Amino acid sequence: MKKGNTAQDGVNPIQVPCKKLSSGASIPAIGLGTFGSDSVSGSQVAQAVRGAIAAGYRHIDCASVYGNENCIGEIFSQIFQSGVVKRQDLWITSKVWNDMHGRGDVLISCARSLKDLQLDYLDLYLVHWPFPNFHAPKCDVTSRSADARPYIHDDYMKTWRQMERLVKAGLVRHIGTSNMTIPKLKLLLRDAEIKPACNEMELHPHFQQPELFQFCVDNGILPIGYCPLGSPGRPERDRTPEDTVDMEDPVILDIARKHGVHPSAVCIQWAIQRGQVPIPFSVNHYLDNLKAAVGEPLSESEMQAISTIDKNCRLIKGQVFLWKQNQSWEDLWDIHGEITPA
Ligand SMILES: NC(=O)c1ccc[n+]([C@@H]2O[C@H](COP(=O)([O-])OP(=O)(O)OC[C@H]3O[C@@H](n4cnc5c(N)ncnc54)[C@H](OP(=O)(O)O)[C@@H]3O)[C@@H](O)[C@H]2O)c1
């Protein structure tokens with residue numbers, strides 16, 4: 001697969017499939033991730049955003065903690081000034097980081113993202129993690145914030161009320177969650193005035209999260225899938241010896257060979273056909289990934305074969321968000337079906 005995508009041979013955005021949200025709005029079925037994994041600079045990511053939009057992407061997944069929204073905002077501004085692509089043609093997501101959950105802070109964080117991205121509104125604003133626990137950029141896996149806490153629903157709802165205010169103020173069109181579990185979402189659905197439109201969650205062939213995926217679909221919450229290729233460039237803190245590699249799975253390799261495509265294209269087609277919105281990060285292969293989204297569909301038996309290779313292999317385990325010493329990362333994910341107590 002060639003490196004160094006250019007926009008010349010792009011995809012007509014009209015060809016790119018869309019998914020419907022419960023609000024009736026349409027979201028492009030593939031987005032460009034923008035987390036440089038602590039190794040790709042903001043200006044490199046911003047150049048990828050420029051190239052990706054020129055190549056036909058209309059959905060960009062940003063976050064304040066990625067530390068590059070100001071660079072990406074410069075690109076948005078230039079693109080809108082050129083008139084080639086208008087603001088309403090793009091779907092732009094951002095996320096409130098864990099250190100900005102407190103009273104008034106969500107509004108400040110959203111205002112900062114809007115300023116950095118040089119936008120008047122966001123299409124989607126997410127609560128990045130359901131904990132106020134944060135880590136410094138480039139930290140290692142043992143890093144913990146001093147006042148780290150477990151999930152406290154009353155606190156989450158205080159954050160969510162601010163999210164709802166952003167919708168009412170017209171600053172964001174939709175709000176959603178990320179890194180949630182079924183028990184946490186059940187409480188949110190019970191108490192929210194404005195329900196989450198989307199849940200951003202880790203999804204790739206070796207980590208399919210079938211129960212959470214189905215829960216979201218059944219409740220009108222669109223799953224957005226992060227690490228859709230198995231995140232080969234993820235930071236060191238997110239690597240463990242047990243991790244498996246989706247793009248080396250024999251089933252994926254076999255299907256890729258039959259279709260004459262790279263294994264990444266199989267991961268992307270699978271994601272879109274299954275019903276989630278993949279947001280692959282790329283500075284070198286974004287055009288290939290967009291082409292994969294409009295490529296030959298997988299057959300029912302190929303989709304079925306991929307459904308059998310789930311290894312429950314979570315890559316982004318979130319150890320840095322734990323709130324106690326000697327705690328296992330599984331505690332973040334409510335694996336016993338109820339919210340892990342303090
Ligand atoms: N909500 C959350 O908590 C959360 C957590 C993690 C990630 N995310 C979002 O999800 C996005 C994607 O996740 P991710 O970046 O961890 O994982 P990913 O998209 O699965 O993998 C990205 C890596 O794959 C490489 N790649 C991309 N396309 C390729 C292709 N066609 N062939 C070969 N290699 C390819 C990229 O390298 P090149 O740059 O060289 O192409 C990059 O190293 C992030 O950027 C971020 O926006 C959200």
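**Touring the model**

User: Which residues are closest to the ligand, and how many surround it?
Analyst: The ligand is surrounded by 30 residues, and the closest are G33, Y226, L229, G233 and F281. A residue is near a molecule if its C-beta atom, placed from the backbone, lies within 6 Å of it.

User: How does that shell divide into nonpolar, polar and charged?
Analyst: The shell has 12 nonpolar, 14 polar and 4 charged residues. Nonpolar covers Ala, Val, Leu, Ile, Met, Phe, Trp, Tyr, Cys and Pro; charged covers Asp, Glu, Lys and Arg; the others, Gly among them, count as polar.

User: What kind of model is it, and how are residues numbered?
Analyst: This is a predicted model: local features need pLDDT of at least 70, side-chain atom pairs count only at pLDDT 80 or more, and totals for chains, interfaces and linings use all residues. Residues are numbered from 1 along each chain as its sequence is written.

User: On to the sheet. What is the strand order?
Analyst: The open sheet has 8 strands in the order β3-β4-β5-β6-β7-β8-β9-β10, with parallel pairing. Two strands pair if DSSP finds at least two bridges between them. Strands (E, at least two residues) and helices (H or I, at least four) are DSSP runs, numbered from the N terminus.

User: Which strands are at the edges?
Analyst: β3 (32-33) and β10 (277-278) are the edge strands, and each pairs on one side only.

User: How many bridges join β6 to β7?
Analyst: Strand β6 (residues 122-127) and β7 are joined by 5 bridges and run parallel. L124 stands opposite H174 in β7.

User: And how many bridges are there between β5 and β6?
Analyst: Strand β5 (residues 91-96) pairs with β6 over 4 bridges, again in the parallel sense. T93 has L124 in β6 as its bridge partner.

User: How many residues of β7 are buried?
Analyst: In strand β7 (residues 172-178), 6 of the 7 residues are buried, so the strand is largely enclosed by the rest of the structure. Buried means 20 or more other C-beta atoms within 10 Å of the residue's own, exposed means 12 or fewer, and partly exposed is in between, with C-beta atoms placed from the backbone.

User: Helices now. How many residues of α9 are buried?
Analyst: In helix α9 (residues 286-293), 7 of the 8 residues are buried, so this helix is largely enclosed by the rest of the structure. The buried ones are Y286, L287, D288, N289, L290, A292 and A293.

User: What do they pack against?
Analyst: The buried residues of α9 pack against β3, α1 (42-55) and α8. Contact means two C-beta atoms, placed from the backbone, within 7 Å.

User: At what angle do α7 and α8 pack?
Analyst: Helix α7 (residues 250-259) and helix α8 (residues 263-274) pack at about 100°, with axes 8 Å apart. That makes α7 roughly perpendicular to α8. Axes are lines fitted to C-alpha atoms, for helices over the stretch in contact, and angles run from 0 to 180 degrees between N-to-C directions. Under 35 degrees is roughly parallel, over 145 roughly antiparallel, 65 to 115 roughly perpendicular, and the rest oblique.

User: Which residues meet there?
Analyst: From α7, I252, L253, I255 and A256 meet P263, A265, V266 and C267 of α8. The contact of α7 with α8 has 8 nonpolar residues, no polar and no charged.

User: How do the axes of α2 and α3 cross?
Analyst: The axes of helix α2 (residues 69-82) and helix α3 (residues 105-117) cross at roughly 50° and come within 6 Å. That makes α2 oblique to α3. The contact uses E69, N70, I72, G73 and F76 of α2 with S113, D116 and L117 of α3. By class, this contact of α2 with α3 has 3 nonpolar, 3 polar and 2 charged residues.

User: What does P150 touch?
Analyst: Leaving out residues up to four places away in sequence, P150 touches W323, T340 and A342. P150 and P341 are 191 residues apart in sequence and 7.4 Å apart in space, C-alpha to C-alpha.

User: Is C227 buried or exposed?
Analyst: C227 counts as buried because it has 26 C-beta neighbours inside 10 Å. C227 is in the loop between β9 and α7. C227 also has a positive phi of about 55°, although it is not a glycine.
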